[in-house]
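The entries are kept in the order in which I looked things up.

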Amino acid sequence: MKNRNKVLSALLAGALVLSTAACGAQPAAPSDDTAATQTTENAGDQSAEAASTEEVVAGSDAPLVIASDDFSEKFSEFFCASVPDQRVVDLTAVSLLGNDRAGELIYNGIEGETKSYNGTDYFYNGIADCVVTENADGTVDYDFKLREGVKFSDGEELTADDVIFSYYVYLDPSYDGSSSTYALPIKGLEEYRSGSDTLFNLLVKGGADNTDFTFVTEEQQKQFFEKDLPEAGAKFAQSIADYCTAKGYASDDADIAANDIANGMANWGFGKAEDGKLTTASGAEFDVKGGKAPTAEDFWNEIMTAYNNDVVTASSTEKADSEVIDFLSDDYKVAIETGDSVDFVEGIEKVNDYEVKITLTEVDATAIYQLAIMVQPMHYYGDVSKYDYAAHKFGFDKGDLSSVRAKTTTPMGAGPYKFEKFENKIVYMTANDNYWNGAPVTKNLQFKVTSNADKESGVVQGTVDISDPSASKSALEQIAGENSNGEISGDKLTTVLTDYRGYGYIGMNSQNVCVGGDNGSEASKNLRKAIATVISVYRDVVIDSYYGEAASVINYPISNTSWAAPQASDPDYKVAFSTDVDGNDLYTAGMTEDEKYAKALEASLGFFEAAGYTVKDGKLTAAPSGAKMGYEVMIGGGGSGDHPSFGILTAASEAFKTIGFDLTINDLSDTSILWNALEAGTAELWCAAWQTTLDPDMFQIYHSEGGSAGHYRIYSKELDELVLEARTVTDQAVRKALYKEALDFVVDFACEIPVYQRQDCTIYSSERVNVDSITPDQTTYYTYLNEIDKIAMN
């Protein structure tokens with residue numbers, strides 16, 4: 001809905017978490033999914049209460065308590081969507097391949113490899129070996145040989161069948177998680193995935209588009225449209241009302257606010273509240289005081305009316321925590337045949353009980369990172385009776401992942417820890433005595449939701465043992481002040497700083513910030529450049545003030561830890577958004593900061609005018625069709641501005657006011673609102689950070705079919721081709737050039753403002769954690785989570 005009232009405007013006009021997106025940091029594996037994992041960087045939606053529970057008792061039986069941002073409760077390698085969820089689930093699982101401190105893969109995990117880092121030799125091993133063979137016919141084989149005797153936490157052995165089952169889940173036609181393994185050119189994969197769609201998609205597409213129900217029976221139509229959809233829709237509408245109530249978002253009208261459904265309708269933009277009465281967009285009238293309150297069914301009907309019965313768009317756009325399909329039975333998520341397909345993937349071959357070979361039809365430089373999956377137990381997530389490799393049965397019925405979805409909140413695998421429960425914002429885990437590399441030293445482990453404001457004090461006070469506060473200038477000074485030696489590592493706290501494997505940015509949904517409905521037009525790009533130019537000019541001063549030497553400003557949307565990142569010494573390196581509408585450089589050496597600010601604002605007016613805005617006497621007086629005189633930016637500053645980009649936005653907002661443009665800052669204490677807005681496509685601008693993979697593949701974030709492409713909504717054939725072409729070459733220099741083209745395209749599209757590359761700060765309680773057991777020489781690619789099994793308590 002475009003006509004939202006001020007309450008909803010503060011909520012949704014603006015994410016793995018979250019996710020939107022794909023999965024996050026791998027303590028033992030370079031999964032492809034990490035490319036699309038997001039964090040808000042600082043504050044979450046938690047109060048100090050979450051970090052003020054009983055103090056940890058020291059001693060050998062004391063739990064290791066790790067501070068965490070808020071969870072999305074998708075504790076599944078298949079469906080995880082945020083970094084906090086990913087950190088939990090990764091400790092329950094093992095990957096086919098791991099990596100060393102420099103980020104290089106360990107191909108000989110069974111025997112192990114010794115590699116030097118900073119002059120010290122370190123030994124790395126894992127559960128598998130991998131041999132990659134490029135064949136004369138252009139195909140490429142990836143031969144994975146498993147270590148024998150690896151067991152899941154329930155004692156069952158991990159074999160080739162579990163690997164094959166895991167692959168088939170990721171490649172299933174109905175799979176809708178964030179992994180992009182299905183995009184690999186695996187031999188026979190296209191034939192396997194073709195000719196099917198989910199029952200839900202077939203029904204809603206037929207109903208909204210052309211009433212083509214070729215693959216749906218009349219009985220299914222009747223059941224869906226007359227019973228299941230209205231019931232699910234009402235539950236969906238009720239969930240929105242409950243969300244408003246739980247979050248304390250009340251209508252301006254006290255009588256309306258007292259009724260959950262009426263309040264939800266009013267605050268979600270589907271009704272106008274006045275003196276206890278509600279008049280909806282369709283003209284229906286309700287009198288809450290007079291005893292005629294709307295029902296959840298009424299709310300759903302209003303949503304359908306507003307969206308012309310387009311269930312998919314209404315569901316994805318208006319959701320609070322769920323979509324309509326989440327309230328339907330799993331039967332609607334099952335893929336059914338709509339055409340020809342085969343019942344197995346030719347390029348996935350079981351060589352023997354401990355060996356699997358994957359064959360690609362062509363070279364794909366990213367493939368090894370995506371094929372090195374976290375192996376999941378078929379007997380737990382699937383059905384053993386439905387597995388028969390020779391008969392092309394792989395642990396579940398093709399197109400039906402209901403058994404896998406059923407375990408989304410309760411993971412199990414062969415990792416160092418077992419998931420026990422999630423309760424009162426704490427994840428409880430216990431050591432896996434069957435762990436292939438030896439049972440963890442510390443028996444009990446907890447991930448406790450902790451606000452950013454409490455991440456340093458929580459370790460000092462004993463509510464958490466390990467934490468990751470932002471490495472701001474003030475935070476490091478505060479940490480040093482806790483130690484008697486005045487250093488960041490001492491008798492109270494031990495601090496480890498590493499480069500963050502990702503970067504902070506400010507994003508724009510290009511379809512929500514555009515002119516005339518065409519997000520790729522020059523006018524639309526000029527609108528976004530007008531906004532980006534002013535925001536960008538404040539980056540240097542604010543980031544230096546917030547982080548000091550712990551961060552630096554970046555000019556391309558890629559982490560500086562990547563080999564593909566453009567360097568300032570490169571001949572074609574360009575400061576982001578530093579030219580005017582005619583391409584002339586804005587800034588010269590010797591300019592003061594105030595002169596730069598004035599120049600940026602002047603250039604912004606030029607971009608606005610080129611976008612079709614009316615400019616008179618240095619001010620905007622009217623917006624072109626489809627554009628607005630202001631936009632909202634969502635930022636997870638905890639409601640107190642505690643975010644590295646908050647100062648940038650504040651300064652930019654003040655500057656914009658002088659030219660008649662409004663940049664409204666929505667500082668969120670509940671960051672789930674941001675993730676929901678990103679997934680729903682309602683965000684306008686937002687602040688977040690990408691966490692990236694070992695490989696700089698851009699498919700997940702920028703390709704039209706990538707799991708997080710909906711955040712920016714670029715959907716460009718030109719960009720898609722660049723991303724895919726970079727996958728077809730293994731020459732790093734060629735790949736870097738292709739990625740540079742893609743990065744230039746994204747910057748020119750002006751839907752992402754690169755802001756900073758920071759350092760990760762991890763602090764440990766020197767009093768409760770045995771600091772000698774902490775992983776030495778931690779890096780961007782190798783942290784304490786890689787060796788969590790070795791950490792001991794005092």
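What follows are my entries, beginning with the ground rules and the whole chain.

**Ground rules.** I am working with a predicted model, in which local features need pLDDT of at least 70 and side-chain atom pairs count only at pLDDT 80 or more, while totals for chains, interfaces and linings use all residues. Residues are numbered from 1 along each chain as its sequence is written, and side-chain values use heavy atoms, with hydrogens and water left out.

**Whole chain.** I found 24 helices and 32 strands in the protein chain, where helices (H or I, at least four residues) and strands (E, at least two) are DSSP runs numbered from the N terminus. Along the principal axes, the C-alpha atoms fill a box of roughly 75 × 70 × 60 Å. Buried residues (under 20% relative accessible area, with exposed over 50% and partly exposed in between, 1.4 Å probe, protein chains only) make up 59% of the 794 residues.

**An open sheet.** I traced 4 strands in the order E8-E9-E16-E15, with antiparallel pairing; two strands pair if DSSP finds at least two bridges between them. Strand E8 (128–134) and strand E15 (348–352) stand at the edges with a single partner strand each, so one side of each is left without a neighbour in the sheet. Neighbouring strands here are turned by 20 degrees against each other on average, direction ignored, where axes are lines fitted to C-alpha atoms, for helices over the stretch in contact, and angles run from 0 to 180 degrees between N-to-C directions. Strands E9 (residues 140–146) and E16 (residues 355–360) pair over 6 bridges, and Val140 stands opposite Leu360 in E16. Helix H3 (residues 160–171) lies across E9, E15 and E16, and runs at about 175 degrees to E15.

**Helix H9.** In H9 (residues 296–306) I noted Ala296, Phe299, Trp300, Glu302, Ile303 and Met304 as buried. Their cover includes helix H6 (218–247), helix H8 (260–267), strand E12 (277–280) and helix H10 (311–318). Just after H9, Asn308 takes a positive phi of about 50 degrees.

**Gln446.** Leaving out residues up to four places away in sequence, Gln446 touches Pro63, Leu64, Val65, Ile66, Ile426, Val427 and Tyr428, contact meaning heavy atoms within 4.5 Å.

**Val746 and the cysteines.** Val746 is found in helix H24 (residues 732–749) and is buried, with a relative accessible area of 1%. Beyond four places in sequence, Val746 touches Pro557, Tyr702, Leu719, Cys751 and Glu752. Cys751 is itself buried at 0% relative accessible area, and its sulfur is 12 Å from the closest cysteine sulfur, in Cys514, too far for a bond. Searching the whole structure for disulfides gave 0, a disulfide being a pair of cysteine sulfur atoms within 2.5 Å. I also checked Cys130, which is buried with a relative accessible area of 5%.
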